Amino acid sequence: MQDIVRRLRKAGGMTNNSCGIHVHLDGEPHTPRSIRNFINLIASRNDLFYKALQIEPERMHYCKKMDEYLVEKMNHSKPKTFANLENIWYSGYSGNRNGHYHNSRYHFLNLHCFFHGNHTIELRGFNSELHAGKIRAYIVFALAMNHQALTQKSASYRKVQEENEKFAMRVYLNRIGFIGDEFKSCRKHLYEHLDGNAAWRYGSKENCHSRRKKPKDDEETESIVDTSERESTAHIPDSEDDTDIPFD
């Protein structure tokens with residue numbers, strides 16, 4: 001794949017800000033539960049993913065964030081069949097569901113093609129690009145999220161912590177398997193645009209120590225949004241050299 005991208009670039013291929021890369025994932029292994037997982041995984045990280053992927057303003061109309069009404073209804077109803085899932089997906093839309101350019105398709109995660117297309121789940125949240133390393137990162141990221149949605153028992157739709165964006169993204173990437181030299185370039189491309197410290201949740205070792213000394217009453221007043229996303233440590237050892245490797 002990377003060789004193909006390099007050949008396109010060498011042949012004079014070009015992109016612009018109005019284009020995007022859409023990754024289609026096989027829908028055959030999915031169940032209503034796994035698709036709800038997928039929706040929740042993205043909804044809980046809407047802002048983080050959009051900043052990490054630098055989605056161009058020109059594309060926002062065609063790549064909207066996950067709709068809050070859809071997410072809430074999906075998690076309230078917890079559909080057990082694809083028919084029920086489909087009705088929730090199209091609720092609020094008029095017109096023929098069989099049309100290719102149905103308005104429901106213009107989201108980061110598109111299920112219109114799953115129900116009335118080639119039975120794939122489409123991720124539309126990637127900018128047009130002829131950088132082979134970035135395209136590889138997009139595809140691997142999509143595959144890893146898909147695997148998580150398929151194998152995880154459940155996923156919360158509640159927002160994860162984002163006060164330290166780089167740490168939040170690094171925790172998530174570690175969780176979905178982006179560990180070791182094989183994924184070094186992918187990690188770099190996916191959190192290079194985020195703010196914060198990738199190694200320390202609260203910015204530094206000193207800040208973590210000061211928070212541990214906080215009065216108990218103050219700690220109890222802190223709101224923890226999603227206990228399933230709570231991490232057992234405020235530090236990820238930064239022993240790896242996250243400089244890029246030649247994937248461009």
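**Note on the predicted model**

1. Order of elements. From the N terminus, the chain runs α-β-α-α-α-α-β-α-β-α-α-α-α-α. That makes eleven helices and three strands. The model is a predicted one, and the points below should be read with that in mind.

2. Whole-chain figures. The chain has 248 residues, and 46% of them count as buried. Its accessible surface is about 13100 Å², with 50% belonging to carbon and sulfur atoms. Of the contacts between residues at least 6 apart in sequence, 75% join residues at least 24 apart.

3. Packing of α7 and α8. Helix α7 spans residues 132-151 and helix α8 spans residues 165-175. Their axes lie 10 Å apart and the helices pack at an angle of about 70°. Angles from 65 to 115 degrees count as roughly perpendicular, and α7 and α8 are therefore roughly perpendicular to each other.

4. Residues at that contact. On the α7 side, Phe141, Met145 and Gln148 take part, and they meet Tyr172, Leu173 and Arg175 of α8. Sorted by class, the contact of α7 with α8 has four nonpolar residues, one polar and one charged.

5. His22 in strand β1. His22 belongs to β1, which covers residues 20-26. With a relative accessible area of 34%, His22 is partly exposed. Which residues does His22 contact, leaving aside its neighbours within four places in sequence? They are Arg59, Glu122, Leu123 and Arg124. With Glu122 there is a polar contact between the two side chains, at 3.0 Å. The C-alpha atoms of His22 and Ser128 are separated by 9.0 Å, although the two residues are 106 apart along the chain.

6. Positive phi at Gln54. Most residues other than glycine have a negative phi. Gln54 is not a glycine, yet has a positive phi of about 50°. Gln54 sits in the loop between α3 (46-52) and α4 (68-77). Its relative accessibility is 36%, so Gln54 counts as partly exposed.

7. Positive phi at His119. A positive phi, near 60°, is also found at His119, again a residue other than glycine. His119 lies in the loop that separates α6 (112-116) from β3 (120-127). Is His119 buried or partly exposed? The relative accessible area of His119 is 30%, and this residue is partly exposed.

8. Asn37 in helix α2. Helix α2 covers residues 32-43 and contains Asn37. Buried means under 20% relative accessible area; Asn37 has 2% and is buried. Not counting residues up to four places away in sequence, Asn37 touches Ala149, Gln152, Lys153, Ser154 and Ala155. One of these residues, Ala149, falls within the range of α7, residues 132-151.

9. Tyr106 in a loop. Tyr106 is found between α5 (82-90) and β2 (109-110), in the loop that joins them. Apart from residues up to four places away in sequence, Tyr106 touches His61, Tyr62, Cys63, Lys64, Tyr101 and Arg124. Arg124 is also among the contacts of His22. The C-alpha atom of Tyr106 is separated by 9.0 Å from that of Lys65, a residue 41 places away along the chain.

Definitions and conventions:
Residues numbered from 1 in each chain as written. Predicted model: local features only at pLDDT ≥ 70, side-chain atom pairs only at ≥ 80, totals over all residues. Heavy atoms only, no water. Helix = DSSP H or I, 4+ residues; strand = E, 2+ residues; numbered from the N terminus. Buried < 20%, exposed > 50% of the residue type's maximum accessible area, 1.4 Å probe, protein only. Contact = heavy atoms within 4.5 Å. Areas by Shrake-Rupley, 256 points an atom, 1.4 Å probe, with all protein chains shown as cover. Axes fitted to C-alpha atoms, helices over the stretch in contact; angles between N-to-C directions. Parallel < 35°, antiparallel > 145°, perpendicular 65-115°, else oblique. Nonpolar A, V, L, I, M, F, W, Y, C, P; charged D, E, K, R; others polar. Polar contact = N/O pair within 3.5 Å; in protein donor to acceptor, adjacent residues only side chain to side chain.
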